[in-house]
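Subject: Structure handover

Hello,

Here is the structure you asked about. Please open it alongside this note, and read on for what was found.

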Amino acid sequence: MKFLHTGDWHLGRTLYSESLLEDQRHFLKNVSEELKNAQKNAEPYDCLFISGDVYDRAIPSVGAVLLFDDFLTALATDFPRLHVFVTAGNHDGAERLSFASRFLEKSNIHLCFGTEHLSNAVIVDSCAIYQIPFLMPGSFKDGAEKSQRALFERATAEIREAHQKNFPTLPSVVLAHATVFGENNDEKNQIGTAESISPSLFDGFSYVALGHIHSFKKITERMYYSGSPLSYTFDDVSKKVMICGTIKIDNSLSIKTIPIEPLRPVVRLKGAFSDFYNADESETKKYEQCLVEIKCTDEQVVQMPKALLETKFPHLLSFSREKATSTKENSDFVLRRNLIERRNEASHEEFFSTFLSELYGNDLNEDDAKAETELFLKFLNENLD
């Protein structure tokens with residue numbers, strides 16, 4: 001059984017108010033191209049695994065819903081024998097994701113949004129496939145399980161028992177949306193609201209297709225996170241991939257990764273404002289189709305820096321001052337706080353001097369500072385009178 005594993009699409013996601021729908025559409029075209037190429041080479045995929053967080057919100061945007069609908073419709077038309085497994089993640093609204101699920105089942109599109117059918121396997125090419133959605137207290141209506149460990153202990157136990165009873169000789173696959181880390185993993189024990197669980201809960205399964213973590217991770221020899229297809233923050237510098245795997249009847253597993261080329265790469269740049277603003281077109285052209293964040297190392301405050309740099313970087317989404325924030329602004333903050341504490345005794349001239357220091361830094365000479373202060377005091381006295 002040959003499968004393509006992906007997840008954490010977050011359709012409808014924005015980055016600093018920038019819509020990523022076209023970037024996501026580009027990724028979905030990559031998925032379709034991979035499926036087409038495999039079919040053309042007489043090595044077609046049997047399954048597509050989508051391990052949760054199809055949407056970015058419980059109530060997805062119209063654009064996100066239409067994008068997913070177009071994708072599923074194309075799959076059903078172009079690859080009628082392909083089985084598509086969609087597991088609900090913590091960002092998905094289970095009720096909305098479940099819409100038309102019984103109808104879609106007839107087109108080999110298997111949606112998992114609850115715990116009622118955890119132990120019901122879908123058999124594809126002599127392999128039993130199960131799904132576990134994101135679990136939370138109350139996911140099992142007749143149970144009192146609250147922790148992630150207790151919830152997944154019950155879910156995996158139900159699947160394991162049903163598999164041993166009904167298909168003991170067949171390889172087994174589980175899709176799950178959860179935080180799973182090994183004993184020696186130095187990652188945090190909690191991501192968002194989900195505590196981590198031990199990979200040992202999935203012992204015995206032929207392959208575990210995980211979603212929830214946005215970078216590709218190998219947890220065990222038979223357990224992987226595909227990661228998200230796009231970088232959704234500027235902190236995410238991981239290489240984006242899909243996972244291609246094959247499970248044989250003897251339970252042997254082979255895995256390889258397929259790189260994802262984004263429509264607009266996410267790039268963080270760091271340096272002096274003047275270096276970016278005065279850069280030649282030959283230097284900035286390579287960022288023309290990138291989503292850019294610039295961290296400026298200057299201490300000097302530049303008025304409307306983002307607007308100025310957008311002439312060089314058309315998709316500049318974020319601008320911040322790294323060094324100024326960590327040094328000068330801290331000292332300015334202390335100065336302002338001291339003035340506030342002494343507000344009843346500090347002079348207008350002292351307040352205005354602090355204002356000039358923040359506005360001009362070291363660029364205002366003594367004579368100009370004196371002239372501006374005199375003008376301010378004159379204006380103040382005229383208006384106070």
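Start with a surface pair. Glu288 and Lys285 form a salt bridge, with their closest N and O atoms 3.7 Å apart. A salt bridge here is a side-chain nitrogen of Lys or Arg within 4 Å of a carboxyl oxygen of Asp or Glu. Glu288 is partly exposed, at 34% relative accessibility. Lys285 is partly exposed too, at 48%. Buried means under 20% relative accessible area, exposed means over 50%, and partly exposed is in between (1.4 Å probe, protein chains only).

Two points on the source. This is a predicted model, in which local features need pLDDT of at least 70 and side-chain atom pairs count only at pLDDT 80 or more, while totals for chains, interfaces and linings use all residues. Residues are numbered from 1 along each chain as its sequence is written, and side-chain values use heavy atoms, with hydrogens and water left out.

**Overall**

The protein has twelve helices and 19 strands. These are DSSP runs, numbered from the N terminus: helices are H or I with at least four residues, strands are E with at least two. Of the 385 residues, 44% are buried. The protein exposes about 20,700 Å², and carbon and sulfur atoms supply 50% of that. Areas come from the Shrake-Rupley method with a 1.4 Å probe; for residues, only the protein chains shown count as cover. Take the contacts between residues at least 6 apart in sequence: 68% of them join residues at least 24 apart. Contact means heavy atoms within 4.5 Å.

**Other salt bridges**

The count comes to 15 salt bridges. Asp23 and Arg264 make one of them, at 2.7 Å from N to O. Asp23 sits in helix 1 and Arg264 in the loop between strand 16 and strand 17, 241 residues apart. Both ends are buried: Asp23 has a relative accessible area of 2%, and Arg264 has 13%.

Glu293 pairs with Arg268, with the closest N and O atoms 2.5 Å apart. Glu293 lies in strand 18 and Arg268 in strand 17, so this bridge ties together parts that are 25 residues apart in sequence. Glu293 is buried at 5%, whereas Arg268 is partly exposed at 35%.

There is also a salt-bridge network. It links Asp142, Glu145, Arg154 and Glu158.

**Cores**

The largest nonpolar core has 33 residues. Such a core is a set of buried Ala, Val, Leu, Ile, Met, Phe, Trp, Tyr and Cys residues joined through side-chain atoms within 4.5 Å. Leu48, Phe68, Phe71, Leu75 and Val84 have the most contacts inside it. Helices 1 and 2 each give two or more residues to this core, as do strands 4, 5, 6 and 15. Look at Val84. Beyond its neighbours within four places in sequence, Val84 touches Leu48, Ile50, Leu72, Leu75, Asn108, Ile109 and His110. Another core, of 25 residues, lies apart from the largest one. Among its members are Leu135, Ala155, Leu201 and Tyr225.

**Helix 1**

Helix 1 has 20 residues. From first C-alpha to last, helix 1 reaches 28 Å, close to the 28 Å expected at 1.5 Å a residue. The expected span is 1.5 Å times one less than the number of residues. Its buried residues include Phe27, Leu28, Val31 and Leu35. An α-helix has 3.6 residues a turn, so residues three or four places apart point the same way. The cover over the buried residues of helix 1 includes strands 1, 3, 4, 15 and 16, plus helix 2. Ala42 follows helix 1 and has a positive phi, near 60°.

Gln131 lies in strand 8 and is buried, at 8%. The Gln131 side chain makes polar contacts with two backbones: the nitrogen of Val86 at 3.4 Å and the oxygen of His110 at 3.3 Å. A polar contact is a pair of N or O atoms within 3.5 Å; within protein, one must be able to donate a hydrogen and the other to accept it, and residues adjacent in sequence count only if both atoms are side-chain atoms.

Asp53 is not a glycine, yet its phi is positive, about 55°. Asp53 sits in the loop between strand 4 and helix 2 and is buried, at 1%. Asn108 is not a glycine either, and its phi is about 65°. Asn108 is in the loop between helix 4 and strand 6.

Best wishes
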